[in-house]
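Open the model in a viewer and keep the selection tool at hand. The stops below say what to select next and what is there.

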Amino acid sequence: MWRFARNPARVPRGTDIEARLVSASLGADPLLRAGCEAVREGEAEAGLPLLAESREDPETRVVQAEALGRAAAERPETVVELVGNGADRADVMLWLGHTLLARALRRPAGGAATRQADRKAFAAALDEARIPLEAAARLRTDDAAPWAGLQTIAMGLGADREEKDRLWRELTERAPHLFPAHMIRTRSLSATRGGSTEEMFAFAGATADTAPEGNPLPSVLALAHAEHVRAEQKRLGAEGNTPLVVHNALGRLHGESARELFDLAQGWATASVPHPRDVQAHHLFGWAFHRAGMAEAAHWHLSAVGNVYCDQPWSFFGNARAGVALAMEELGVDPARTAGGELPS
């Protein structure tokens, strides 16, 4: 049993919770967030020490490159200028690639209702981001971080299976347990991206079963469930079902599947060691248990994130910040409080 002290009368409501939440897009670590804020204000040099210190830690390096890229998305020229100022070229190319990738992902990403011109502009922006990432991969051949960015670009462009598999091999040769790589691989194997539901769940399940002890990788199985629920909702909507029926679609989030997630979350939480993606993992498990009606487990995980919210998987079903705030309100979670309570026995 997931034990916690719950007093709904003292928990902020609705928009009050939403106002307290901050996005993980600029990192969950206070030092990284401070560096990103400096970059947003035009002090690009503030990002260089972070990238230099993480060269031997691929998990941290990818988190930093992604966050710094978002921070510089409105000023990519400030990153380019760093090369002329003597900065490490591999670090700058990695950063520039993620900066251009962040800009690209803000564009319309296609779909039936999107104009062809928008789709072409999106593809062109992704191709532009690919150039510095490939340069970074050549400059530092043992670095997994550029390949993680290239994997995201491949998914955005709808690359064929051969290319996706090639990038996956490059990544796993350098960092076999890289969390964001497994996230993208899971999504790339979904039925909506040329794979199948069975293959996606088989991969996510194998990832969870073979994850190092204390690593948050088992949460990618929750991501697979989120992808499946989203696909189910789209299918039900296309079949003319009512919005309520569509909203309540659970996919496989019940019975043995829900119990499997519970056991994986319990095992991770019991043996967890600090990891840059801990907040993301708590959100994945928290979403899954909230969706499955497992309130105590959902409360425990969403209490662990503090006031930081992640887009995935909440953005699959609407506005991420509003979705997290609503779940916290329903569960009686106060984002101003730190996590507490015993793990299940």
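**Stop 1: H2 and H4**

H2 passes H4 in a right-handed crossing. A crossing is right-handed if the near helix is turned clockwise from the far one by less than a right angle, and left-handed if anticlockwise. The model is predicted, so to speak of local features pLDDT of at least 70 is needed, side-chain atom pairs count only at pLDDT 80 or more, and totals for chains, interfaces and linings use all residues. Residues are numbered from 1 along each chain as its sequence is written, and side-chain values use heavy atoms, with hydrogens and water left out.

Select residues 30–40 for helix H2 and residues 58–71 for helix H4. Helices (DSSP runs of H or I, at least four residues) and strands (runs of E, at least two) are numbered from the N terminus. The two axes come within 8 Å and cross at roughly 30°. Axes here are lines fitted to C-alpha atoms, for helices over the stretch in contact, and angles run from 0 to 180 degrees between N-to-C directions. H2 and H4 are therefore roughly parallel to each other. Angles under 35 degrees count as roughly parallel, over 145 as roughly antiparallel, 65 to 115 as roughly perpendicular and the rest as oblique.

Now show side chains. Leu 32, Cys 36, Val 39 and Arg 40 of H2 meet Val 63, Gln 64, Ala 67, Leu 68 and Ala 71 of H4, where contact means heavy atoms within 4.5 Å. This contact of H2 with H4 divides into seven nonpolar residues, one polar and one charged. Ala, Val, Leu, Ile, Met, Phe, Trp, Tyr, Cys and Pro count as nonpolar, Asp, Glu, Lys and Arg as charged, and the others, Gly among them, as polar.

**Stop 2: a cavity**

Next select Gln 151, Ala 154, Met 155, Lys 164, Leu 167, Ile 184, Arg 185 and Ser 188, which line the largest cavity. On a 1 Å grid over the protein atoms alone, a cavity is a set of points where a 1.4 Å probe fits but cannot get out, while a pocket is an open set with protein on both sides within 12 Å along at least five of seven lines; lining residues have an atom within 4 Å of a point. About 50 Å³ of space lies in this largest cavity. Helices H8 (145–157), H9 (161–174) and H10 (179–188) each supply at least two residues of its lining. By class, the lining of the largest cavity has four nonpolar, two polar and two charged residues.

**Stop 3: H15 and its partners**

Select residues 278–291, helix H15, together with residues 295–303, helix H16. Their axes come within 8 Å and cross at roughly 155°. H15 and H16 are therefore roughly antiparallel to each other, and H15 passes H16 in a left-handed crossing. In H15, the residues that meet H16 include His 282, Phe 285 and Phe 289; on the H16 side, Trp 300 and His 301 are among them. By class, this contact of H15 with H16 has six nonpolar, five polar and no charged residues.

Among the contact residues are Leu 223 and Val 229 of H12, and Trp 287 and Arg 291 of H15.

**Stop 4: a pocket and a cis bond**

Which residues lie nearest the centre of the second largest pocket? Select His 247, His 290, Arg 291, Trp 314 and Leu 326 to see them, out of 15 lining residues. H15 and helix H17 (320–331) are the elements that give two or more residues to this lining, and H17 gives the most, with four.

Finish at Gln 312 and Pro 313, which are joined by a cis peptide bond with omega of about 5°. Pro 313 is found in the loop between strand S2 (308–309) and H17.

Conventions: Grid points are joined across faces, edges and corners, and a volume is the space filled by probe spheres set on the points.
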